[in-house]
Amino acid sequence: MRNTWAICKREFKAFFLTPIGYVVTGLVAVISGLAFSLQFLEYVRISQDPTANAFSSVPDFEEWLLSPFLLFCGTLIMFLSPLITMRLFAEERHRGTIELLLTHPLRDREIIFGKYAAALGMVLVLLLIVLVDLGIVFYFAEVEVAVLVFGLCTVFLMGAAFISMGLFISALTRNQITSGSLTFGASLLLFIVGTLGEDLPETNPAPGDWPQMLRTAAGFLHGVLRRLLLEVRLDAHARDMAQGILQPQDVAYYLLFCAFFLFLTFRALESRHWRS
Amino acid sequence: MRLQRFLAAVAALGLLTALNLLVWRQDFFSLPVLVAVAAAVVASGGWAVAALVDLASRQAAGPRAAGALSAVLSSAIFLCICLVVYALIESWGYSADLTEEGRRTLAPQTVQVLQALTEEVQVKCIFLQIDDELIRIAIRRWTGRNWRR
């Protein structure tokens with residue numbers, strides 16, 4: 001545990017020894033602040049005259065502003081997570097310091113969890129920045145604390161998922177740019193793949209003149225593919241959570257997603273034993 | 001190794017062609033799309049077989065292939081465990097509404113009415129705010145056709 005903490009501290013400090021930490025926090029502060037201000041002004045405009053804006057009454061604050069904003073922050077972290085994770089292992093490999101780290105009396109799990117915790121620390125810093133915007137509103141208006149806290153947990157879980165994937169990709173590559181690009185591509189793919197699932201019809205799309213057996217097989221494959229595409233989408237599970245609906249499967253999805261990619265990172269780091 | 005690369009390239013090309021044809025024809029089960037998908041599937045199957053053969057031939061050479069095989073197998077098993085755990089949790093069906101007024105929960109009266117239903121009902125939704133995307137999805141679901149503004 002002490003070793004994990006030492007690695008975590010070292011990695012977390014390293015974010016702010018390079019421009020990466022400042023760039024990421026600065027970008028989140030500017031973009032989330034701007035998005036929140038614009039959305040909040042729009043909410044105020046609608047609230048002043050709801051009927052003129054096709055609303056029967058003042059729209060629900062949590063549903064109309066808080067949840068979409070938190071989901072937006074999760075998406076923003078997705079775009080910025082490659083910047084956080086790309087250097088974790090790739091830079092060590094590039095500089096050759098990975099050999100130094102691996103020859104220390106450290107277990108693989110201490111290295112991986114230390115680096116992962118440091119990256120999660122960065123996500124927490126980003127959440128604190130987001131919390132400043134929400135804190136101002138919290139001061140002036142009545143916001144449901146449970147929904148807000150659970151919404152922030154949702155964003156954190158989304159961030160943890162993106163970070164775990166980035167950590168794995170960083171453990172595979174030697175170059176930071178390659179690692180960052182691959183992480184970004186994979187995150188984006190997981191993000192947009194659900195749209196493809198939504199576009200697929202719910203019923204069996206196989207032509208009616210096909211033999212029954214072939215039709216059934218095509219229908220089964222189509223059903224499995226559709227379900228998989230809908231479930232794998234990273235923000236789909238966050239939608240309900242951000243609105244204050246606690247469903248264990250949504251939380252489990254993110255936890256299992258992180259567990260799977262951390263497991264893959266273990267395997268990637270272990271590969272040095274059989275690669276050499 | 002050269003055959004593996006060739007098959008991988010054919011699989012990627014097949015997938016790319018299939019996706020483009022799908023966008024053009026708007027029908028997954030049209031012949032050109034199916035041919036491209038079949039080519040991609042056959043090529044990826046060939047690639048997998050070639051990779052396994054290559055791995056098996058290297059087995060005698062040292063622990064490298066065994067290590068790779070063990071990593072792939074353990075990852076696949078772990079993925080299966082994750083999927084099973086997720087399916088189990090999902091089948092539990094628990095849900096909690098954290099809003100103070102219970103805005104995301106059906107009222108007991110509504111639940112009573114729904115439970116009393118004995119036959120299929122038709123639900124009509126009226127949206128105050130018209131969203132093009134929503135209409136597009138709805139029309140496609142109900143008529144099977146695409147809609148453009």
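Guide: Accessible areas come from the Shrake-Rupley method with a 1.4 Å probe, and for residues only the protein chains shown count as cover. Chain B exposes about 11,700 Å², and carbon and sulfur atoms supply 66% of that area. This is a predicted model, in which local features need pLDDT of at least 70 and side-chain atom pairs count only at pLDDT 80 or more, while totals for chains, interfaces and linings use all residues; side-chain values use heavy atoms, with hydrogens and water left out. Residues are numbered from 1 along each chain as its sequence is written, and chains are lettered from A and ligands numbered from 1 in the order in which they are written.

Visitor: What is the secondary structure of chain B?

Guide: Helices (H or I, at least four residues) and strands (E, at least two) are DSSP runs, numbered from the N terminus. Chain B has 5 helices and 1 strand, in the order α-α-α-β-α-α along the sequence.

Visitor: How is the packing of two helices described?

Guide: Two packed helices are described by the angle between their axes and the distance between the axes. Axes are lines fitted to C-alpha atoms, for helices over the stretch in contact, and angles run from 0 to 180 degrees between N-to-C directions. In chain A, the axes of helix α2 (residues 19-48) and helix α3 (residues 61-85) come within 10 Å and cross at roughly 160°. That makes α2(A) roughly antiparallel to α3(A) (under 35 degrees is roughly parallel, over 145 roughly antiparallel, 65 to 115 roughly perpendicular and the rest oblique). The residues of their contact divide into 21 nonpolar, 2 polar and 1 charged. Here Ala, Val, Leu, Ile, Met, Phe, Trp, Tyr, Cys and Pro count as nonpolar, Asp, Glu, Lys and Arg as charged, and the others, Gly among them, as polar.

Visitor: At what angle do helix α8 and helix α9 of chain A pack?

Guide: Helix α8 (residues 176-199) and helix α9 (residues 212-232) of chain A pack at about 140°, with their axes 7 Å apart. The two helices, α8(A) and α9(A), are therefore oblique to each other.

Visitor: Is V24(A) buried or exposed?

Guide: Buried means under 20% relative accessible area, exposed over 50%, and partly exposed in between (1.4 Å probe, protein chains only). V24(A), found in helix α2 of chain A, counts as buried because its relative accessibility is 1%. Contact means heavy atoms within 4.5 Å. Leaving aside neighbours within four places in sequence, V24(A) is in contact with L80(A), L83(A), I84(A), M122(A) and L126(A).
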